[in-house]
Amino acid sequence: MTERRYYTSDALQGDAQLLRCAVNEEGLYEVELDATLFHPQGGGQPSDQGALNGVSVVRVENRGETVCHILAQPIAGERVTMLIDADCRQRHTRWHSAGHLIGYAGEQSGWRPVKAHHWPGEGRITFVAHRSDTLPTPEELSAIIAGWIADGLERHVAVDGEVREVRFGDLPAYRCGGTHVSSLADLPEVVLTQIKLKKGQLVVNYALDA
């Protein structure tokens, strides 16, 4: 089991113990550590970028309870230095947090979020009717979201065993394994680019104005 330090820490650099480094069928090297700061791809969020002992990380994958770092070159030694790409991390956290706000706003309009894709340039949240089947307008949702950002609501994280929950201010907590801004004051304007009804589901596409 890999200790997922990114669950409770925003640190971009740290050390961990090397458990395994082995070549795979692609000719790449799979590296397992006792703990990691790297967020793996999953939960609608791309994996972090960065380096282990100065070797660039190609991608990071979930393997059940293990986080696997894929490298083009092997590394050795008992201790490994992890370095997260700060710009990439900031971009991913902003897109993920923006997606949560759209989910909150949709819920306030009577729709329940069921699927999320927080990839930069491809952001979208999918809802099903819950208390209403009336389509909210972009203006209505945008006004709600802009208010939360203006209030600079703080992020709160709670971890209970394997369950991690993230919320902002007094908004509801979502079960989530992703990374997020520490305060909504760090978010740029969230732009809703399209709202449509598709096969009975509400799909909201979004972008960030930065």
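Colleague: Starting with Asn53: buried, exposed or partly exposed?
Modeller: Asn53 counts as partly exposed, because its relative accessibility is 33%. The classes are buried under 20% relative accessible area, exposed over 50%, and partly exposed in between, with a 1.4 Å probe and protein chains only.

Colleague: What should I know about the model itself?
Modeller: It is a predicted model, in which local features need pLDDT of at least 70 and side-chain atom pairs count only at pLDDT 80 or more, while totals for chains, interfaces and linings use all residues. Residues are numbered from 1 along each chain as its sequence is written, and side-chain values use heavy atoms, with hydrogens and water left out.

Colleague: Back to Asn53. Where is it found?
Modeller: Asn53 is in the loop between strand S5 (50-52) and strand S6 (55-63). Strands (E, at least two residues) and helices (H or I, at least four) are DSSP runs, numbered from the N terminus.

Colleague: And what is the phi of Asn53?
Modeller: Near 50° for Asn53, which is a positive value in a residue other than glycine. Lys199 also has a positive phi, near 55°, and is likewise not a glycine.

Colleague: Where does Lys199 lie?
Modeller: Lys199 is in the loop between S14 and strand S15 (201-208). Lys199 counts as exposed, because its relative accessibility is 80%.

Colleague: How exposed is Lys196?
Modeller: Lys196 is partly exposed, at a relative accessible area of 32%. Lys196 sits in strand S14, residues 190-198.

Colleague: New topic. How many salt bridges does the structure hold?
Modeller: Nine salt bridges. Each is a side-chain nitrogen of Lys or Arg within 4 Å of a carboxyl oxygen of Asp or Glu. One of them joins the side chains of Arg20 and Glu30, at 3.0 Å from N to O. That pair links distant parts of the chain, with Arg20 in strand S2 (residues 13-23) and Glu30 in strand S3 (residues 29-33), ten residues apart.

Colleague: Arg20 first: how accessible is that side of the pair?
Modeller: Arg20 counts as partly exposed, at 29% relative accessibility. Glu30 is buried, with a relative accessible area of 13%.

Colleague: Which salt bridge involves Arg20 and Glu32?
Modeller: A side-chain contact of 3.0 Å, N to O, between Arg20 and Glu32. Here too distant parts of the chain are linked: Arg20 in strand S2 and Glu32 in strand S3, twelve residues apart.

Colleague: What about Arg59 and Glu61?
Modeller: Arg59 and Glu61 form a salt bridge, with the closest N and O atoms 2.6 Å apart. Arg59 is partly exposed, with a relative accessible area of 26%. Glu61 also counts as partly exposed, at 22% relative accessibility.

Colleague: Which residues are linked in the network of salt bridges?
Modeller: Arg20, Glu26, Glu30, Glu32, Arg59, Glu61 and Arg63.

Colleague: On to the rings. How many aromatic pairs?
Modeller: Four aromatic pairs. In one of them, the ring centres of Tyr104 and Trp148 are 5.9 Å apart and the planes are at 85°, so this pair is edge-to-face. Tyr104 lies in helix H1 (residues 86-108) and Trp148 in helix H2 (residues 138-151), so the pair ties together parts 44 residues apart in sequence. Rings of Phe, Tyr and Trp (its six-membered ring) pair if their centres lie within 6.5 Å; planes under 30 degrees apart are stacked, over 60 edge-to-face, and the rest tilted.

Colleague: Are Tyr104 and Trp148 buried or exposed?
Modeller: Both Tyr104 and Trp148 are buried.

Colleague: Last bit, some distances. How far apart are Ser56 and Ala150?
Modeller: Their C-alpha atoms are separated by 37 Å, and Ser56 and Ala150 are 94 residues apart along the chain. Ser56 lies in strand S6. Ser56 is exposed, at a relative accessible area of 53%.

Colleague: And Gly27 to Gln73?
Modeller: Gly27 and Gln73 are 9.2 Å apart, C-alpha to C-alpha, and 46 residues apart in sequence. Gly27 is in the loop between S2 and S3. Gly27 is partly exposed, with a relative accessible area of 39%.
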